[in-house]
Every structure is written in structure tokens, then in C-alpha cells.
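Dear colleague,

Here is the structure I promised to pass on. Please look it over before reading my notes below.

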Amino acid sequence: MKILMRADTHYSIAVTGAYEPKYTFSQVLAAIAVSMGSMIIGFSSGYTSTGLVTMKNSTVISVSKEQASWIGSLMPLAALAGGVIGGPLVDYLGRRRTILLIAPPFCVGWIVIAIAHVVELVFVGRAICGLCVGVGSLAFPVYLGETIQPEVRGTLGLFPTAIGNIGILICYLAGTYLDWSALAFLGAAMNIPFFILMFIIPETPRWYISHGRMEEARKALQWLRGKNCDIESEIREIAISDAEAQADNASIRDLFSIKYTKAILISLGLMAFQQLSGINAVIFYTVTIFQMSGSSVDENLSAIIVGIVNFASTFVATALIDRAGRKLLLYISSVTMTITLIILGTFFYVKYQAKLDVSDLGWLPLTTVMIYLLGFSLAFGPIPWLMMGEILPAKIRGSAASICTAFNWLCTFIVTKTFQNIVDAISAAGTFWLFGSICFVGLFFVIVCVPETRGKSLDQIENKITGREEKPRTRRLSSIANIKPLPNGC
């Protein structure tokens, strides 16, 4: 029989034997509820790929090539601002309430797009949605990082990415049959289940404790861990961690403290390589890329296939991340993206610069993009967001996550807004070679800088990154109360 003792808010095995993570219904429901917001973000990202095609051919609205690029890039630009305001919101309003509050404006933004008769209204709608995207993309990983047990945090922490990819797939599928206006109405309707599910789940225990609401924290943690689980030692651990973080008030200067710089720079680096890999150029302009390539496969069908691969590949990462670890998956992801982008760039070079006949290779663009997305979704898609919630120290988590999220969306805006300009300047071949080179550099960044966080509690990760000497947790706990053994199955 296994006897588990709570230590540093994660499980350790007192009797030899393999530990089997416990997926409580409550934790899975919390992950799904939060991830419904990611589905809307995914839908927002994929919207321009199919929506812009019908918008350009619409008799209701007139869209120029430059305006089309702004429709694609306004969402990440507004998300940058959302990332900035999201940090204070999650700290003062709470993680859950912040997520809950983005649903109504998200719905309004989509309705504005749906009823637009001039392109300026589309701009307004995309900007509103973008603000919600920025706030949500910051709040989701923070919420999950503080509510899910370390042993299953990798798997359940990937739910936002997996369900976000469902949003992209839904957009590609629906975009085959719906025009830009009906597609926007669908985006508005997707907020309803998201809003309802967020009412069911609790605030994070850590946030309650940081605001002196111990009884509510206890109820929230009991709900998350299951009614038969002894939560006393974990609640004490969270209280100790919060007390240490609150010992001296966090300030803007703390963000620039040498002690916290490493964690922030690692998170910023992962965000940069995630976006400079060109992923959003591929997602936002999937149909356009296949039109440019002259692929033998219909561009709308290609987009749907890409969406399916993007969705399915995340489940591969979900199955592997708590077994293989973050770093190994990041290695595989970097190498896969580098190779496929180089091949795709070579295809465009042979077709347009060398002007050779590539009609027999019409299958190649779709195949390389599929493998590229498989590699991206395996690690560089979900892991930067997952690790943002893991490696940022508790004292600066809200404000630092705000900076990292804003930086991510700044990179997204730069890539999506300049994609067509870069293609015009250095050709499609040069553009994909550029993205491939960045992915190759990202491999070395992961090797040298990124720590492994698999199976570690937030406190352990913080101690390692900040270089803080960790006192024996059992000694610290014993000064408050004896550690209680957990009942079997908890």
C-alpha cells in the first residue's frame, strides 16, 4: 500500500512504488472551463484565414489589401494591450473573475464584426476581441498553474492549447460554408458555454489566501482535490508560500531584481521563439499560403486538414509532457520546425526563383505545413504558456505574466502585420528560411537556458530559478503543525 505525505505541495512516495497521478473530476472540469476561452482565442486566430477570403469578395463591405493586413494584425496588437492590463486584473479582481469578465466583451466584439457594413467596424470588433484575447491568454495559465496538482499540471495545463486548436479547426470547417459575417456570429455564440462553465469553478486557493480569505481558500481547494482528500497540509504550504511572498510588498523594482530576471528572461525567450517561428503567419494566412504555393490540393480543404493536424497533435503533447518532460519535447519541436520550414522555403525557391516545374510536388506544401504544425503543437505552442504559469515567482507572477503576455502579442503583431511585406521584400522562400533559422536558434536557447519543470511544485521551481536555498519543508511545517498523512486515493 502506498503512503503519501504532503511535502512542498506535491506528492512524494514514502513506500517504493510508481505514483499514478489522480485526475479528479473537479480539476478536469476547471481545465475544460478555462480552456473554452482558449477555444474562442483559437477561433479568433483562425478567423482571418477563411473570413478574409469571403470578405474580399463581399458586396456588403469593401476591403483593400492593406486593410486586410490590419484586420489580421489588429487582434494581436490589441492583445498586447490586454496583456498589460491583465496583470493588475488577475491580482486585484482574482484569476477566475478576470476570466469570467472577458466573455461579454468578447461576444460584443464578434457581433460588431458580424453586423459591420464598413471596414472600420471590423477594426473595432477585432480590437475588442484582441483585448479579451490578451487578458485571457495571461489569466488562463496563471489560473491552471495555481489550481492543478504538479503531477498532472503538464497534462491538464495543455488543455487550453488543445481546445484552442479545436477553435481553429471549427473556424476552418465553418469557414468553408459560412461567409465572414455568419462566421463572426458563430464566434459570438461560442462565448455562451464558456461563460456558463466559468460560473461553476472556484477562484484559486492561492489568490484567496493572498487576500486573507482562508475559509474560502479551504473550500476551493477541497472542491479541486475531492471531498475525501485531506487538504490541511497543502493549505498550510500555500499559506507559508504566500506569507513569504508578502513579507515585503512587491513593487515595480522587483521586476528588475537580479533574483527574478532569469525567470522573466526565460519566459520572454520562449514567447519570442514561439511567435518568431512564424506560426501565426501560417495560421492567419493558411489559405493564402496554399494559394501562393499552387498546391494541387484545394486551399480550403488544405486549411481544414491543417486544422485537424493542429488539433490532433496537441493530444500527442498531452500524452507525453508529464512523461518525457518539457525540454525533450522542445528539442523535438525546434528540430521539426526548422527542417520543415527549410523544405517549404526551398519549394517556393524552386517554383518561383528557379522557375522549375514542380507540378509533381503539389502535395509537398500541405505535407510540410502539417508536419510543421505537428512539431509546433508538440511543444513550442503550449509549453511557453504552461511554463509561464510555472516559472514566474509568486511575488511578481501577475505583473511579470502581464509583461510576458504583452511581449508575446507584440511578436505576434509584428509577424502577422509584416508577413506580406517580408514576402514582398525577400520572397516567400526567404521568409520561410528566415523563420526556419529562428527556430534553429531557439533550439540552443532551450538547451542552455530552459529548466525542466516536470513534476516539480511551484515552490521548488522558484527556489531553483531564483537560487534561493530551500529549507527542509517538513521542518518548516512542523513549526506550525504536524504533517498529516493523506488517505489512500487522494
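What follows is a short account of what was found.

This is a predicted model, in which local features need pLDDT of at least 70 and side-chain atom pairs count only at pLDDT 80 or more, while totals for chains, interfaces and linings use all residues. Residues are numbered from 1 along each chain as its sequence is written, and side-chain values use heavy atoms, without hydrogens and water.

The protein chain has 23 helices and two strands (DSSP runs numbered from the N terminus: H or I of at least four residues for helices, E of at least two for strands). Of its 490 residues, 59% are buried (under 20% relative accessible area; exposed is over 50% and partly exposed in between, with a 1.4 Å probe and protein chains only). Among contacts with a separation of 6 or more, 83% are between residues 24 or more positions apart; contact means heavy atoms within 4.5 Å.

Helix α21 is not straight. A straight helix of 53 residues would span 78 Å at 1.5 Å a residue, but α21 spans only 20 Å between its end C-alpha atoms (the expected span is 1.5 Å times one less than the number of residues). At I426, α21 bends by about 110 degrees, the angle between axes fitted to the seven residues ending there and the seven starting there.

A394 sits in the loop between α20 (383-391) and α21 (397-449). A394 is partly exposed, at a relative accessible area of 25%. A394 and D242 are 152 residues apart in sequence, yet 7.7 Å apart in space, C-alpha to C-alpha.

Regards
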